[in-house]
Amino acid sequence: MTARLLWVDDEIELLKAHILFLRKKGYDVETVSNGYDAIDRCASADFDLILLDENMPGLSGLETLQRIKDLTPATPVVMVTKSEEENIMDQAIGSKIADYLIKPVNPTQILLSLKKNIHQRELVTEHTQTAYRQNFMQLSQLIDDARSIDDWYEAYRQLVGWELQLSDADSSMLDMLAMQKGEANKAFAKFVASNYLRWIADKEAKDRPLMSPDIFKHSIFPLLDDGQQVFLIVIDNFRYDQWRVLMGEIADSFTIEESLYTSILPTATQYARNAIFSGLMPNIIAEMFPDLWVDEDSEEGKNLNEAPLIRTQFQRYRRQNTFSYHKVNDSAAAEHLLHELPSLQKYNLNVCVLNFIDMLSHARTESQMVRELASNEAAYRSITLSWLRHSPVGELFRVLANTNYHIILTTDHGSIRCKNPIRVKGDRNTNTNLRYKLGKNLDYNPREVVDITSPHQAQLPAPNLSTRYIFATGDTFFAYPNNYNYYVSYYRDTFQHGGISMEEMLIPLISLTPKVKR
């Protein structure tokens with residue numbers, strides 16, 4: 001743990017025992033007795049950390065601190081002082097010191113501060129890697145023993161938790177985790193293939209998960225019945241790992257209740273989000289409201305009828321609640337929503353659909369620059385976090401934190417980074433989605449997909465009697481034999497949705513209540 005230190009103190013002779021202790025620990029410690037010499041040394045040499053006395057004659061510690069920060073802003077500075085005056089602490093902290101120690105300090109205090117400010121990353125990495133190695137077999141057993149959707153929720157939570165920890169630690173063990181996650185997705189696909197049609201057939205089954213058509217009945221209507229005003233935010237294409245990084249940004253303002261639910265198949269807007277807003281499965285929407293259902297081969301947008309679908313659900317349940325609907329595709333629309341917020345207080349329910357993440361995933365496919373910016377999962381999450389911090393959507397959450405709304409934050413489906421192509425053939429009427437196909441002349445290897453040969457059993461529309469659906473699993477995607485190499489090169493390593501994976505199907509359903517009620 002060797003590192004180069006500069007210790008600045010006008011009583012440096014009294015600190016020889018501390019300096020000797022640090023040198024025995026492997027640190028290279030240089031000393032000066034005043035601020036001017038400290039500034040000269042910082043101008044001519046690099047240090048890993050500076051220990052700075054606050055109360056020195058001549059140039060004070062705070063004055064020295066400011067000049068050091070001008071010279072080397074990234075070097076951590078630990079302020080050491082006899083003073084416990086609050087204004088001194090405030091000034092030092094406001095100048096972005098790394099730590100604050102009160103004299104007399106003991107060697108252990110100093111060593112702890114050095115480890116925290118110099119060696120934290122390597123210590124965190126080492127500890128995280130060790131903890132993951134120790135937990136690896138336990139997590140594998142959890143995956144192997146998963147027999148219910150709750151088991152899979154827990155396994156996925158743990159996998160995402162380790163992914164976030166190992167990514168933050170910049171760990172080389174992310175490859176091992178990726179392999180474990182891949183194996184988990186294979187097992188999850190088998191689980192879904194064995195249970196999905198039964199879940200759809202029997203809504204009262206005890207082991208049936210909460211699914212897309214259940215969201216209003218389960219999470220919205222009870223709040224309205226309790227007299228609460230509700231703000232429903234649906235972030236299109238929003239994964240659980242993305243929620244976990246956003247959570248830290250809003251946790252100080254809201255009391256959070258986190259849960260997961262299961263998207264219906266296909267995990268695509270046309271099916272899953274329309275099911276949320278209508279409270280119906282896709283084939284029922286198509287039968288009951290043909291003017292609101294958009295067929296696969298239609299050029300019309302697949303999500304243009306969401307407000308009318310919400311209205312049909314309210315009417316079906318004979319609810320008298322009022323609601324508003326807003327779709328936010330860009331910053332201008334978000335700014336407009338912010339401006340309109342005061343006038344929305346008259347509604348029992350306000351629904352807002354945010355499309356940024358879905359737009360990001362499409363842009364990453366089509367733009368080399370965006371693909372470079374979101375080159376991996378961690379970068380993809382980072383852009384999502386930056387969006388919340390710096391867009392009007394972040395302001396939306398800050399404003400909502402000062403209201404009486406009960407906020408439900410959720411999504412229609414997630415996405416997965418696709419790497420491995422699967423050959424599939426279809427006629428020209430076959431849809432273009434890379435993670436699911438439907439058609440009457442599909443040619444594929446049944447061992448590589450999950451297929452549904454009777455769409456009515458899955459409550460999916462069937463354009464003709466011989467229509468079937470096939471779903472990609474894990475990190476696979478469908479590619480046509482024609483121009484195969486170009487197609488694979490273009491779409492490999494892109495984020496897609498529509499198929500069967502934990503990332504696409506196991507998605508966040510979050511309840512937020514402001515901590516400070518008006």
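**Figure 1. Strand β9 (residues 349-354) is mostly covered, with six of its six residues buried.** The view is taken from a predicted model. Leu349, Val351 and Val353 point one way from β9, while Asn350, Cys352 and Leu354 point the other way, and all are buried. In a regular strand, side chains alternate between the two faces of the sheet.

**Figure 2. Strand β9 pairs in the parallel sense with strand β6 (residues 230-235) and with strand β8 (residues 323-328).** Six bridges connect β6 with β9, and Phe231 stands opposite Asn350 of β9. The pairing of β8 with β9 likewise extends over six bridges; here Ser324 has Asn350 as its bridge partner in β9.

**Figure 3. Strand β15 (residues 468-471) runs antiparallel to β13 (residues 436-439) and to β14 (residues 450-452).** Four bridges join β13 to β15, with Lys437 standing opposite Ile470. Three bridges join β14 to β15, and in this pairing Asp451 stands opposite Ile470.

**Figure 4. Helix α19 (residues 484-491) has a buried side and, turned away from it, a face with exposed residues.** Tyr484, Tyr487 and Val488 are buried in α19. They lie on the same side of the helix because they cover an arc of only 95 degrees around its axis. The buried residues of α19 pack against β12 (420-423) and β16 (476-479). The face turned away from the buried side carries Asn485, Tyr486 and Ser489, which are exposed. Just after α19, Asp493 takes a positive phi of about 70 degrees.

**Figure 5. Tyr486 and Tyr490 form a stacked aromatic pair.** Because the two residues are four positions apart in α19, Tyr486 and Tyr490 are separated by about one helical turn. An α-helix has 3.6 residues a turn, so residues three or four places apart point the same way. Tyr486 counts as exposed, at 52% relative accessibility, whereas Tyr490, at 29%, counts as partly exposed.

**Figure 6. Tyr271 and Trp293 form an edge-to-face pair, one of 25 aromatic pairs found in the whole structure.** The ring centres lie 5.5 Å apart, and the planes meet at 65 degrees, so the pair is classed as edge-to-face. This pair links distant parts of the chain, 22 residues apart: Tyr271 belongs to helix α11 (residues 269-278), and Trp293 to the loop between α12 (282-288) and α13 (306-316). Both Tyr271 and Trp293 are buried.

**Figure 7. A cluster of aromatic residues is linked by ring pairs.** Its members are Phe216, Phe221, Phe277, Phe314, Tyr317, Phe323 and Tyr325. Arg319 lies over the face of Phe221, at 4.3 Å from the ring centre.

**Figure 8. The charged end of Arg423 sits over the ring of Tyr484.** The distance to the centre of the Tyr484 ring is 3.7 Å. Tyr484 is one of the buried residues of α19, and the buried residues of this helix pack against β12 (420-423), as well as against β16 (476-479).

Terms used
Residues are numbered from 1 along each chain as its sequence is written. This is a predicted model: local features need pLDDT of at least 70, side-chain atom pairs count only at pLDDT 80 or more; totals for chains, interfaces and linings use all residues. Side-chain values use heavy atoms; hydrogens and water are left out. Rings of Phe, Tyr and Trp (its six-membered ring) pair if their centres lie within 6.5 Å; planes under 30 degrees apart count as stacked, over 60 as edge-to-face and the rest as tilted. Buried means under 20% relative accessible area, exposed over 50%, partly exposed in between (1.4 Å probe, protein chains only). A charge sits over a ring if NZ of Lys or CZ of Arg is within 6 Å of the ring centre and within 35 degrees of the ring normal. The arc is that of the directions from the helix axis to the C-beta atoms. Contact means heavy atoms within 4.5 Å. Two strands pair if DSSP finds at least two bridges between them.
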